[in-house]
Amino acid sequence: MFTKRDIFKLCVAAVLLLSTVMAVAQDETDWGCILRAEYQVNISKPLNLPIRNDKLDIMVKEDLRFENNMSRYSRSKTTLGVDYKFTRLGIKLGAGFEYINRYTNKFIYRNRYRYFFNLSYEYAYRNWEFGFRTRFITMYNDEARGYYNYKAHYYWRNKLVVAYKQPNSRFKYSLSGEMYTEINKDRDLQLNTMMYEGSVDYRLTRRQYLSFFVRDYRDYYIESDQFRTVFFGLGWKYKH
């Protein structure tokens, strides 16, 4: 399944990603890892959509995150979402729900509940793909041990992606950047997080995909204590 050439390419891409991150790492940088599994099913044909070639997908995804130099459980995230893609226009509408169990400190775990709606656009040029996604999020915290009193918090996220698919290859390479902003009580936008990610995707079979990614995650919500975490991730996806 993996040829020597494929393994060599994957190793080179991984080394380039790692060396780039290591070169700019700072003393206050924490190191973490992310494990991900995703199942996606296309229900367009059973529903007989009115516009041919449009796609309606349902997705369920599970993420496990570890921090503190990969030694401590940080959080789990379960996502259930639906996407409708207008194929000819390159536009996709999506909505979903996320349940997050997060470890804070002193063996305290808190639950978060997110509802999101997003709009994205993709443009393909030869072997290149360019994309933009904007997402609005409403989040609630479990007040049993939190400080939010079940009051909704609103966030706005914007993401840019560029990807390259090598001809006659199972590999795909992509870079992305995403900005997280909170909409506070005064309706002002406050920068919370910047995230940069490089990934290498490999098509295992017709329906299965494996991805390796490096994510540079920077928090800015505390001006005097800007903190950075670099995650190494491994993901598996099955498309039905």
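Which residue in β2 is the bridge partner of Val41? It is Ile58.

## Barrel

This is a predicted model. Eleven strands close into a barrel, running in order from β1-β2-β3-β4-β5-β6-β7-β8-β9-β10-β11. The pairing is mixed. On average, neighbouring strands of this sheet are turned by 20° against each other, direction ignored.

Strands β1 (residues 29–42) and β2 (residues 55–67) run antiparallel. Ten bridges join them. In β2, Ile58 is the partner of Val41.

## Nonpolar core

The largest nonpolar core has six residues: Ile34, Tyr180, Met195, Phe213, Tyr217 and Phe231. Met195 also has contacts beyond its neighbours within four places in sequence. These are Ser176, Gly177, Glu178, Tyr180, Arg215, Asp216 and Tyr217.

## Aromatic pairs

The structure holds 16 aromatic pairs. One is Phe136 with Trp156: the ring centres are 5.7 Å apart and the planes at 5°, so the pair is stacked. Phe136 lies in β6 (residues 128–141) and Trp156 in β7 (residues 153–165), so the pair ties together parts 20 residues apart in sequence. Phe136 is partly exposed, at 40% relative accessible area. Trp156 is partly exposed too, at 26%.

Phe171 and Tyr173 have ring centres 6.2 Å apart and planes at 5°, so this pair is stacked. Phe171 is buried, at 0% relative accessibility, whereas Tyr173 is partly exposed, at 24%. Elsewhere, ring pairs link Phe66, Tyr73, Tyr103 and Tyr109 into a cluster.

## Arginines over rings

Arg65 lies over the face of Tyr217, 5.4 Å from the ring centre. Tyr217 is also one of the core residues. Arg135 lies over the face of Phe116, at 4.1 Å from the ring centre.

How values were computed
Residues are numbered from 1 along each chain as its sequence is written. This is a predicted model: local features need pLDDT of at least 70, side-chain atom pairs count only at pLDDT 80 or more; totals for chains, interfaces and linings use all residues. Side-chain values use heavy atoms; hydrogens and water are left out. Two strands pair if DSSP finds at least two bridges between them. Helices (H or I, at least four residues) and strands (E, at least two) are DSSP runs, numbered from the N terminus. Axes are lines fitted to C-alpha atoms, for helices over the stretch in contact, and angles run from 0 to 180 degrees between N-to-C directions. A nonpolar core is a set of buried Ala, Val, Leu, Ile, Met, Phe, Trp, Tyr and Cys residues joined through side-chain atoms within 4.5 Å. Buried means under 20% relative accessible area, exposed over 50%, partly exposed in between (1.4 Å probe, protein chains only). Contact means heavy atoms within 4.5 Å. Rings of Phe, Tyr and Trp (its six-membered ring) pair if their centres lie within 6.5 Å; planes under 30 degrees apart count as stacked, over 60 as edge-to-face and the rest as tilted. A charge sits over a ring if NZ of Lys or CZ of Arg is within 6 Å of the ring centre and within 35 degrees of the ring normal.
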